[in-house]
Amino acid sequence: MSVMTWTYLIVGLSFSLYIGIAIWSRVSTTQGYYVAGGGVSPLANGMATAADWMSAASFISMAGLISFMGRDGTVYLMGWTGGYVLLAMLLAPYLRKFGKYTVPDFIGDRYYSDTARLVAVICAVFVSFTYVAGQMRGVGIVFSRFLEVPINTGVIIGMAIVFFYAVLGGMKGITYTQVAQYCVLIFAYLVPAVFISMLLTGHVIPQFGFGAEMQDGGHLLDKLNGLSTELGFSPYTSGTKSTIDVFAITFALMVGTAGLPHVIVRFFTVPKVSDARKSAGWALFFIALLYTTAPAVAAFARVNMITTINGADGQGVLATEAPAWIANWQKTGLIKWEDKNGDGRMFYAKDDRNEMTIDRDIMVLANPEIAKLPNWVIALVAAGGLAAALSTAAGLLLVISSSISHDLLKKMIMKDITEKQELLYARVAAFFAVVIAGLLGIFPPAFVAQVVAFAFGLAAASFFPAIILGIFDKRANMQGAISGMVVGIVFTAGYIIYFKFVNPAGNNASNWLWGISPEGIGSIGMLLNIVVTYTISHLTAPPPAHIQELVDHIRVPRGAGAATHH
Amino acid sequence: MSKEREGAYWKENLRLVAALLAIWFIVSYGCGILLVDWLDQFHIAGFPLGFWFAQQGSMYVFVVLIWVYVFRMNTMDRKHDVHED
């Protein structure tokens with residue numbers, strides 16, 4: 001069967017599965033809609049969290065980024081996993097004991113202030129929309145390459161599917177489709193990785209094959225370092241970024257992860273505090289399966305790519321004899337070849353011998369073709385990329401819809417609406433959020449890639465400190481938290497806007513504050529927030545007695561009960 | 001439940017978290033970033049050691065740390081009689 005037939009078959013089957021789950025898990029209460037009724041098992045929640053978290057960026061782009069960045073790509077590996085340790089030990093169990101539906105709920109209640117709640121709502125909605133735009137675009141790209149439909153049609157199909165299960169099933173529908181999507185995406189990621197590892201090194205486990213000797217002799221990493229130096233790149237296993245910048249970016253990504261509302265709400269869906277801890281353990285285990293494989297995939301892909309383009313002899317391959325995948329991807333414009341020296345041979349290098357322009361995003365998607373794997377594996381990768389993008393999009397859309405219906409309408413503007421009305425508003429909000437997300441996918445604003453740093457920076461500089469201090473410092477009060485969040489957000493947003501939009505020409509290490517790039521500045525914003533919140537809280541009156549009791553209450557596990565209105 | 005008991009539970013909890021986060025910091029920021037070049041002179045299973053910590057080892061340790069936390073907290077909850085039923 002052709003790749004296209006396989007793709008229709010596998011993608012079609014996986015989509016029917018998601019729709020089936022959506023119909024089975026319809027909900028009729030706000031508790032079911034916001035937190036899946038609070039009855040999800042820690043194992044299922046771990047898988048759902050992993051799928052929720054691993055986006056089109058993790059599945060499609062990350063290995064490609066690492067492949068081109070070598071050791072500098074480590075910031076994504078550690079940055080996007082290390083945050084779970086913070087989540088497990090500093091946030092998840094306490095927020096579960098608090099037992100409400102959303103992150104703005106906690107901020108608003110703990111700091112007894114609708115201003116704080118509003119700041120949190122605005123951040124949650126902004127962070128989620130930034131993020132969801134990229135997911136919808138990912139869906140469109142997968143559709144256009146593998147099913148040869150226009151990107152826009154792909155986006156619309158993706159919107160329809162997400163709309164169906166997010167609006168019908170709310171958190172319950174999302175949770176169980178995410179479990180299914182995790183299974184699809186991890187299988188789709190590991191199968192080609194195992195195949196390629198066996199082809200190159202004879203090891204079944206890519207994590208070992210990555211450092212092992214190759215079938216034709218010599219360690220893979222040594223060969224990669226040799227090839228890189230020969231072609232004018234820096235050695236694969238050494239970095240080019242400054243240590244302070246790597247430190248700051250990793251830290252910003254870690255605390256940003258721990259502060260992302262769509263990840264945090266997943267911990268509200270389990271029955272007990274101890275289950276919230278276990279969920280975090282399972283989540284990171286399931287995430288690490290992909291994240292420890294990704295750097296192996298990156299290294300394999302780089303070796304394969306260089307040797308297929310430059311040839312085993314390093315002289316360049318004749319374009320007329322080039323493998324089919326180069327022509328396939330040239331059609332999408334993601335690979336370009338320009339025969340500069342007119343010898344009819346392709347050549348890839350860092351210096352002026354280079355004749356190739358290769359988009360980093362294709363490394364995972366093209367990998368099975370490069371390694372000449374069977375057609376069904378290529379189709380499986382397409383289904384995996386879609387699963388990764390749709391699961392994350394759904395989680396984000398739920399955050400947007402609950403921020404509007406619960407935090408903004410029920411808690412602030414229309415306090416006397418019934419549960420039924422609130423649920424209706426939640427679904428209406430989800431509908432509009434899906435439509436806006438789709439439009440962002442169809443007409444991607446030029447700055448989508450530029451603002452991803454925003455999502456993490458803002459989560460790091462706003463939510464993370466406010467939640468941590470709300471739990472660990474009983475003295476933290478309304479005045480402190482609001483000033484801390486405002487200072488953190490203004491500083492971080494200002495720095496990013498300055499270097500990305502006002503003065504992009506000056507965006508280099510010599511102009512950065514202490515050599516920290518806009519991607520890493522959230523870590524400074526977070527520290528500023530903590531210092532400001534702490535200082536102002538201790539200079540003003542302590543929070544009222546019932547808030548101090550609330551803090552005592554969330555610090556011990558007993559008496560959690562299901563997530564609910566109090 | 002007495003305030004004293006809660007206080008003792010909270011202190012022990014903070015000590016555990018501080019110890020685990022110290023390890024978290026050492027394997028990631030220590031071995032994977034600050035000491036990475038120095039560690040690269042050693043090798044493990046074909047990897048330069050610093051590079052291995054950065055792209056593999058730190059993540060394995062993260063997973064183990066969370067599970068150690070899960071089991072230690074479950075024991076601690078019972079010891080201080082604050083566990084759920």
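A residue is taken as buried when its relative accessible area is under 20%, as exposed when over 50%, and as partly exposed in between (1.4 Å probe, protein chains only). By this criterion, 63% of the 566 residues of chain A count as buried. The structure is a predicted model, in which local features need pLDDT of at least 70 and side-chain atom pairs count only at pLDDT 80 or more, whereas totals for chains, interfaces and linings use all residues. Residues are numbered from 1 along each chain as its sequence is written, chains are lettered from A and ligands numbered from 1 in the order in which they are written, and side-chain values use heavy atoms, with hydrogens and water left out.

Chain A averages a pLDDT (the predictor's confidence in each residue, from 0 to 100) of 83, and 97% of its residues score at least 70. Chain A contains 22 helices and four strands, these being DSSP runs numbered from the N terminus (helices H or I, at least four residues; strands E, at least two). Confidence is lowest in helix H18 (residues 448-461) of chain A, with a mean of 74, and highest in H21(A), at 92. Where pLDDT is low, the predicted coordinates should not be read in detail.

The C-alpha trace of chain A spans about 80 × 55 × 40 Å along its principal axes. The radius of gyration of chain A is 24 Å, in agreement with the value near 24 Å for a compact globule of 566 residues; this radius is taken over C-alpha atoms, and the globule rule is 2.2 Å times the number of residues to the power 0.38. Among contacts (heavy atoms within 4.5 Å) in chain A between residues at least 6 apart in sequence, 81% join residues at least 24 apart.

Ser279(A) lies in helix H13 (residues 273-310) of chain A and counts as buried because its relative accessibility is 0%. Residues up to four places away in sequence aside, Ser279(A) touches Pro42(A), Asn45(A), Gly46(A), Phe267(A) and Val270(A). Gly506(A), by comparison, is found in the loop between helix H20 (478-502) and helix H21 (522-539) of chain A, and is likewise buried, with a relative accessible area of 7%. Apart from neighbours within four places in sequence, Gly506(A) is in contact with Phe499(A) and Asn511(A), while its C-alpha atom is separated by 40 Å from that of Ala430(A), 76 residues apart along the chain.
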